[in-house]
There are 2 protein chains.
Amino acid sequence: MAQPITLRQVSPLKASCHQCSLSNLCLPLALNENELDRLEDIVQQGRIFNRGELVFEQSTPFRSCFAVRSGAIKTSIITESGEEQVTGFFMPGELVGLDSMSSDAYACSAKALERTSVCELPVDRLEELTHKIPELQHHFFHLMSQEIQNSHQLAMLLSKNTAEERIAALLLSLSSRFGRRRMSPTQFSLPMARNDIANFLGLAVETVSRVFTRFQNQGLIRARGREVELLDIEALQLVTRESSRQRC
Amino acid sequence: MAQPITLRQVSPLKASCHQCSLSNLCLPLALNENELDRLEDIVQQGRIFNRGELVFEQSTPFRSCFAVRSGAIKTSIITESGEEQVTGFFMPGELVGLDSMSSDAYACSAKALERTSVCELPVDRLEELTHKIPELQHHFFHLMSQEIQNSHQLAMLLSKNTAEERIAALLLSLSSRFGRRRMSPTQFSLPMARNDIANFLGLAVETVSRVFTRFQNQGLIRARGREVELLDIEALQLVTRESSRQRC
DNA sequence: CGGAGGCTTGAAAAGTTTCAATCAATGTGG
DNA sequence: CCACATTGATTGAAACTTTTCAAGCCTCCG
């Protein structure tokens with residue numbers, strides 16, 4: 001009984017953009033059957049990275065973008081002085097590596113925060129394909145543009161908002177990103193350490209810790225280590241907009 | 001004698017991507033003659049905006065990107081609460097509007113900081129063309145990716161660096177961007193007000209002012225209003241890397 | 001000339017960082 | 001299997017940077 005199934009799955013790593021649960025978040029959006037097939041041809045699916053493993057490393061030759069299937073990835077830049085700067089967290093359905101498309105080397109390193117499965121998209125073949133399929137090119141422009149906007153949002157958060165506002169914003173962002181998947185938007189496990197959060201948000205670890213406990217005392221969240229429960233989402237949203245309220 | 005020349009220039013606004021002095025900064029990079037012609041067909045050159053005029057406005061239909069020919073543009077987002085957040089300054093040879101390519105409306109407003117000349121690139125026709133010319137598509141991916149990296153750089157500056165470091169970095173950035181043009185990298189006129197600088201760098205105007213005078217007292221710059229002279233570029237570079245030095 | 005806006009300066013207040021110490025959780029080796 | 005080392009998270013108090021508020025100055029332009 002297993003035989004015929006095995007035969008049908010000769011290439012098990014190749015046959016699933018069609019039924020991938022991430023498809024509307026990830027690339028295939030707006031492609032027809034035929035085009036999806038061509039996309040699948042170039043996608044290497046099902047690569048697994050364990051917690052702490054590098055998906056790619058800054059300054060090594062840029063070959064591929066990676067779509068997160070499950071798990072989580074953090075990207076970071078090592079500055080000349082050796083400091084790490086976390087530039088982003090990537091959840092399932094999100095595409096890592098777009099910021100490297102302007103050079104021959106990766107602009108940042110990408111590390112798996114937990115056991116993580118990704119699809120690899122070699123850029124040279126991807127560019128060929130985007131050239132052949134206008135919708136895919138459009139989608140790619142879309143994704144990159146979105147990345148620019150995200151980064152602007154982050155810059156805004158960092159330049160204008162207090163520690164509480166930044167952390168509330170991060171929690172809400174994670175919540176909605178979990179929510180888009182089948183997971184609970186109010187109760188989840190943070191894939192990253194306090195250190196990563198602090199680094200990403202431009203704060204000291206101690207500040208992050210203090211804000212978490214402050215939120216907890218105010219009944220906004222319940223946090224034990226990386227386990228987080230959002231108890232009052234609306235209040236958290238209010239926190240992120242606090243900066244506005246004051247100036248009106 | 002003028003007649004035949006006039007005839008050749010029937011469309012004076014259309015005939016200059018070839019000899020444009022910005023061509024290696026801007027789009028035409030790596031295109032052949034024929035391709036350049038096709039690019040020129042879709043580019044509307046020579047639009048002029050006066051100081052303070054909007055090149056495009058946030059939330060209005062997204063139609064075009066704009067390449068700065070001369071002058072300077074600032075982009076900014078108006079948040080729900082009505083605050084302005086400056087997201088970037090664009091100098092000659094730079095492309096404005098890439099962050100809007102993910103939606104049907106402009107993600108930010110673009111305002112001319114001084115009398116500014118731009119080339120308009122309608123996106124629908126641009127996407128057609130990038131589809132036809134792989135090099136142009138590649139170049140566009142390149143530009144957008146660079147924009148992501150720039151924004152990450154900015155986020156880094158905002159999250160990790162002091163007021164002095166931020167301002168030194170901005171001055172050096174402007175310097176190198178002026179330098180790439182025919183202009184002096186050490187003596188120039190800031191196109192933006194202190195207010196814009198402060199907003200962009202996430203500081204209070206007063207802080208910007210103080211740092212300027214501090215730099216002046218230290219002999220790093222000479223500043224009178226918007227006129228700036230960089231007296232000691234190496235020292236300024238040291239300032240930007242000060243954060244590194246401390247941690248080693 | 002006078003007003004308006006932009007720029008500068010000072011002093012107090014606020015928020016965040018830094019330093020230091022403690023605690024909890026986890027894993028290792030005796 | 002328990003003591004111990006290690007790592008990450010938390011808490012407190014002092015130090016520092018930046019903001020805020022307030023006032024004055026300069027300059028450009030009607």
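This is a tutorial dialogue on reading the features of a predicted two-chain model.

User: Which conventions apply to the model and its numbering?

Analyst: The model is predicted, with local features requiring pLDDT of at least 70 and side-chain atom pairs counting only at pLDDT 80 or more, whereas totals for chains, interfaces and linings use all residues. Residues are numbered from 1 along each chain as its sequence is written, chains are lettered from A and ligands numbered from 1 in the order in which they are written, and side-chain values use heavy atoms, with hydrogens and water left out.

User: How many helices and strands are there in chain A, and what share of its residues is buried?

Analyst: Helices (H or I, at least four residues) and strands (E, at least two) are DSSP runs, numbered from the N terminus. Chain A has nine helices and 11 strands. Buried means under 20% relative accessible area, exposed over 50%, and partly exposed in between, with a 1.4 Å probe and protein chains only; of the 248 residues in chain A, 54% are buried. Contact means heavy atoms within 4.5 Å, and among the contacts in chain A between residues at least 6 apart in sequence, 72% join residues at least 24 apart.

User: What area do chain A and chain B bury between them?

Analyst: The size of an interface is often given as the accessible area lost when the parts come together. Buried area is that loss with a 1.4 Å probe, summed over both parts, and for chain A and chain B it is about 4100 Å², 59% of it on carbon and sulfur atoms. The elements that give two or more residues to the side of chain A that touches chain B are β5 (84-90), α3 (123-132), α4 (134-160) and α9 (242-246) of chain A. Of these, α4(A) gives the largest share, 20 residues. The residues on this side of chain A divide into 15 nonpolar, 22 polar and 10 charged, where Ala, Val, Leu, Ile, Met, Phe, Trp, Tyr, Cys and Pro count as nonpolar, Asp, Glu, Lys and Arg as charged, and the others, Gly among them, as polar. In terms of contacts, 47 residues of chain A meet 47 residues of chain B.

User: How many residue pairs are in polar contact across the interface, and how many salt bridges are there between the chains?

Analyst: A polar contact is a pair of N or O atoms within 3.5 Å; within protein, one must be able to donate a hydrogen and the other to accept it, and residues adjacent in sequence count only if both atoms are side-chain atoms. The rule finds 28 such residue pairs across the interface of chain A and chain B, both residues at pLDDT 80 or more. A salt bridge is a side-chain nitrogen of Lys or Arg within 4 Å of a carboxyl oxygen of Asp or Glu, and the count between chain A and chain B is zero.

User: Which residues have the most contacts inside the largest nonpolar core?

Analyst: A nonpolar core is a set of buried Ala, Val, Leu, Ile, Met, Phe, Trp, Tyr and Cys residues joined through side-chain atoms within 4.5 Å. The largest has 78 residues, and those with the most contacts inside it are L98(A), M101(A), L39(B), L98(B) and M101(B). Leaving aside neighbours within four places in sequence, L98(B) is in contact with residues including S145(A), I148(A), C65(B) and F140(B). Apart from this core lies another, of 74 residues, among them L190(A), V211(A), A155(B) and I167(B).

Note on methods. Buried area is the accessible area (1.4 Å probe) that two parts lose on being put together, summed over both.
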